[in-house]
Amino acid sequence: MAQKTDSFVQSKLYLQFTKYNLHHISLWALYYLFWVYVLSPGNSMSDYYVNSLVIVAIHAIVSYFNIYFLFPLYLRKRLYGRYFIAVVLSISLGSLLAAVAFTLLNTVGPEFKVDLLSARFLLSTAMAITYTTAITMSLKLVKHWYEKERLAKELEKLNSETELKYLKSQINPHFLFNSLNSIYSLSLQKSDLTPELILKLSDILRYLLYDGSEKKVSLSLEIKYLKSYLELEKVRHGNRMDLDIEVVGDTETKEIAPMLLIPFVENSFKHGLGKNMAKGFVRVKAIVQGDNLKFEIANSVPAKGNEIAKQKGYVGGIGLKNVQKRLKLLYPNKHDLSVQTLENEFNVKLDINLN
């Protein structure tokens, strides 16, 4: 049954139907016909058509206000008391709006207008709006639950199929060999940097093997991993590389999906300093403001490589495409990723809500 539901929801017909909000139009059209049927006895044709339209319009306003404003503002945040009060006030205002509308319109008789502000009319109108709001909210919750389940299954499938491949691809094997060669060269020179670099390489491998399998890790760990990677690359590239790292804000108490940021750093060396350049740069900035992380990385790009990138519409290669997919699954509607190829510079900006 679940598979049939999934195939229907993902079908071309359903996607086209929802793309133009035809499901909303169909629902309210049927509801309008229902009220036409309810109000038709004892009224002129024009009156009950107009009255039905007024009722459905008010019900729709309250329902959409509840779904698209009150639901994300209060219910998603589990502020149940505030949500209940806000819904009651919305329904009450809807009842008063109905009374005002029928008072101004000439679609009801004088004897009916007298009772428009009576407790009986307001209460019956409020009950009708409540039923409509409850039904539309139920449909919204079912859809919300289904989307969460679908994303969870998709993420689980993605993780199970690509976990090993993903972990192996986080560090380019050439990076490991080059780093070991650099450390070996320093050891022959009896450099004081050798023990420190061995520790950094050890930290990287430990992070990959252990912390990388967790769902969330401390942001400070992710930043430490990036720094170790960058500093090893700095040793390998030597004076031809200018490295600038800036970290601002609380990284200790914030959590992030592990190895989410490393593809951006790998990309900067693979497509920037990985080229034959006499001099290049990598600038990394991570700013934490509340629950938001602003991450930016920029690297130099050879003039020839930059020209080719623009011609091909280059946006960072497979690594960035993979991280875009992970961001979509792990942080839906909670991130903004910008990738730009500027004059002799490749720039990536990521704004992400870590909550």
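1. Two strands count as paired if DSSP finds at least two bridges between them; strands (E, at least two residues) and helices (H or I, at least four) are DSSP runs, numbered from the N terminus. In strand 7, glutamate 345 is the bridge partner of leucine 342. Strand 6 and strand 7 (residues 345-353) run antiparallel and are joined by 8 bridges.

2. The model is predicted: local features need pLDDT of at least 70, side-chain atom pairs count only at pLDDT 80 or more, and totals for chains, interfaces and linings use all residues. Residues are numbered from 1 along each chain as its sequence is written, and side-chain values use heavy atoms, with hydrogens and water left out.

3. The order 2-4-5-7-6 describes an open sheet of 5 strands with mixed pairing. Strand 2 and strand 6 (335-342) are at the edges with a single partner strand each, so one side of each has no neighbour in the sheet.

4. Glycine 238, with a positive phi near 65°, follows helix 10.

5. Which residues line the largest cavity? They are Ile223, Leu226, Lys227, Leu230, Ile245, Val247, Val284, Ala286 and Phe295. Helix 10 (219-237), strand 2 (241-248) and strand 4 (280-289) each supply at least two of the lining residues, and helix 10 gives the most, with 4.

Key
On a 1 Å grid over the protein atoms alone, a cavity is a set of points where a 1.4 Å probe fits but cannot get out, and a pocket is an open set with protein on both sides within 12 Å along at least five of seven lines; lining residues have an atom within 4 Å of a point.
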